[in-house]
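Please open the structure in a viewer and keep the sequence at hand.

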Amino acid sequence: MTCRRIAPALLLALSLALPGLARAADYHHVHIATPNAPEAARWYVQYLDCEPIPDRDNACRYGSVILMFLSRPSMGGSVGTGVNHIGLSYPDLTAKMAELEAVGVGGLGVRLQRFDDGSTVRDIPGLFKIAFVFDPWGTRIELVEDAEYLGFHHIHLSSADPAAALDWYEKMFGGERASMRGRLDGLLYDSVWLLVSAQDNPPAATQGRAIDHLGWAFPDIEAAMADLEAKGADIRGEIQEGRTVARYGFVVSPENVRVEVVQP
């Protein structure tokens with residue numbers, strides 16, 4: 001059975017029978033495009049403390065969240081797409097940025113984004129310290145100092161209508177509607193935040209860019225894809241067999257963010 005050929009009556013039945021299905025979703029992975037996947041995985045392990053995965057040279061992990069790398073050039077960086085950046089949290093951001101600045105930008109170094117005063121770290125009152133870096137392939141990464149959520153911290157989307165974007169992700173993938181320290185509204189998936197900032201122009205599609213797609217996991221992909229289609233998700237293609245996950249399919253958000261739905 002494919003998600004494209006499920007009868008309307010069955011879609012309705014599944015949706016009614018499994019009203020909490022989206023709540024079963026767990027945030028699973030980010031897929032990043034690079035010319036050389038093993039090289040990119042080593043870069044994240046070496047500089048950003050990503051944990052190697054045994055017997056996999058094209059991925060690393062932060063706890064339950066996996067960074068996967070596609071061996072193909074991207075058509076541009078993440079900025080300007082529906083996924084502006086991803087975020088990682090460290091217990092001492094000042095020390096981490098000093099370490100990265102010492103690496104330099106030569107070769108496969110680390111490109112730091114400086115603020116107007118030339119500093120690389122900014123303390124946001126009521127929030128935490130933040131900094132930005134870029135990997136060599138165009139992925140923008142925010143580093144923060146949030147002791148409550150260390151490791152993989154957040155995904156930051158761009159949208160012309162942030163509230164509607166959060167509504168869409170909550171409808172499709174569940175999550176807990178929450179406010180980060182009373183400053184930023186978002187969705188919380190266990191320890192991963194989904195945040196959205198306003199962007200006047202429609203974001204570019206993520207497919208083919210540095211952050212190619214995001215990924216959520218469900219225990220039953222047939223039921224998940226049927227539920228998503230019943231809720232009006234833009235389904236792309238059919239459910240397929242995977243090598244690193246049991247089965248997978250794709251949907252696309254209103255902001256042109258490609259989302260992989262996986263059954264681990």
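A pocket is found on a 1 Å grid over the protein atoms alone: it is an open set of points where a 1.4 Å probe fits, with protein on both sides within 12 Å along at least five of seven lines, and its lining residues have an atom within 4 Å of a point. Grid points are joined across faces, edges and corners, and a volume is the space filled by probe spheres set on the points. The model is predicted: local features need pLDDT of at least 70 and side-chain atom pairs count only at pLDDT 80 or more, while totals for chains, interfaces and linings use all residues. Residues are numbered from 1 along each chain as its sequence is written, and side-chain values use heavy atoms, with hydrogens and water left out.

**First stop: the largest pocket**

Select His31, Met68, Leu70, Arg243 and Thr244, which lie nearest the centre of the largest pocket among its 19 lining residues. The space in this pocket amounts to about 460 Å³. Next, colour strands S3 (56–62), S4 (65–71), S14 (211–217), S16 (247–252) and S17 (258–263), the elements that each give two or more residues to the lining. Strand S4 provides the largest share, four residues. Helices (H or I, at least four residues) and strands (E, at least two) are DSSP runs, numbered from the N terminus.

**Second stop: helix H3**

Move to helix H3, residues 93–103, and show Leu93, Lys96, Met97 and Leu100, which are buried. Buried means under 20% relative accessible area, exposed over 50%, and partly exposed in between, with a 1.4 Å probe and protein chains only. Why do these residues lie on the same side of H3? They cover an arc of only 95° around the axis, the arc being that of the directions from the helix axis to the C-beta atoms. Their cover includes helix H2 (37–48) and strands S6 (111–113), S8 (129–134) and S9 (140–144). At the start of H3, select Asp92: one of its side-chain oxygens reaches to within 3.4 Å of the backbone nitrogen of Thr94. After the helix comes Gly104, with a positive phi near 85°.

**Third stop: the nonpolar cores**

A nonpolar core is a set of buried Ala, Val, Leu, Ile, Met, Phe, Trp, Tyr and Cys residues joined through side-chain atoms within 4.5 Å. Select Tyr44, Leu48, Phe152, Tyr169 and Phe173, which touch the most other members of the largest core, a set of 60 residues. Helix H2 gives the largest share of this core, seven residues. Leu127, Phe128, Phe132 and Leu195 are among the 13 residues of a second, separate core.

**Fourth stop: individual residues**

Asp49 sits in the loop between H2 and strand S2 (51–53). Its phi is positive, about 60°, although Asp49 is not a glycine, and its relative accessibility of 44% makes it partly exposed. Arg181, in the loop between strands S11 (176–180) and S12 (184–189), likewise is not a glycine but has a positive phi, about 55°.

Ser253 lies in the loop between S16 and S17. Is Ser253 buried or exposed? At 4% relative accessibility, Ser253 is buried. Leaving aside neighbours within four places in sequence, Ser253 is in contact (heavy atoms within 4.5 Å) with Trp168 and Tyr169.

Finally, select Asp227 in helix H5, residues 221–230. Asp227 is buried, at 2% relative accessibility.

Definitions and conventions
Polar contact = N/O pair within 3.5 Å; in protein donor to acceptor, adjacent residues only side chain to side chain.
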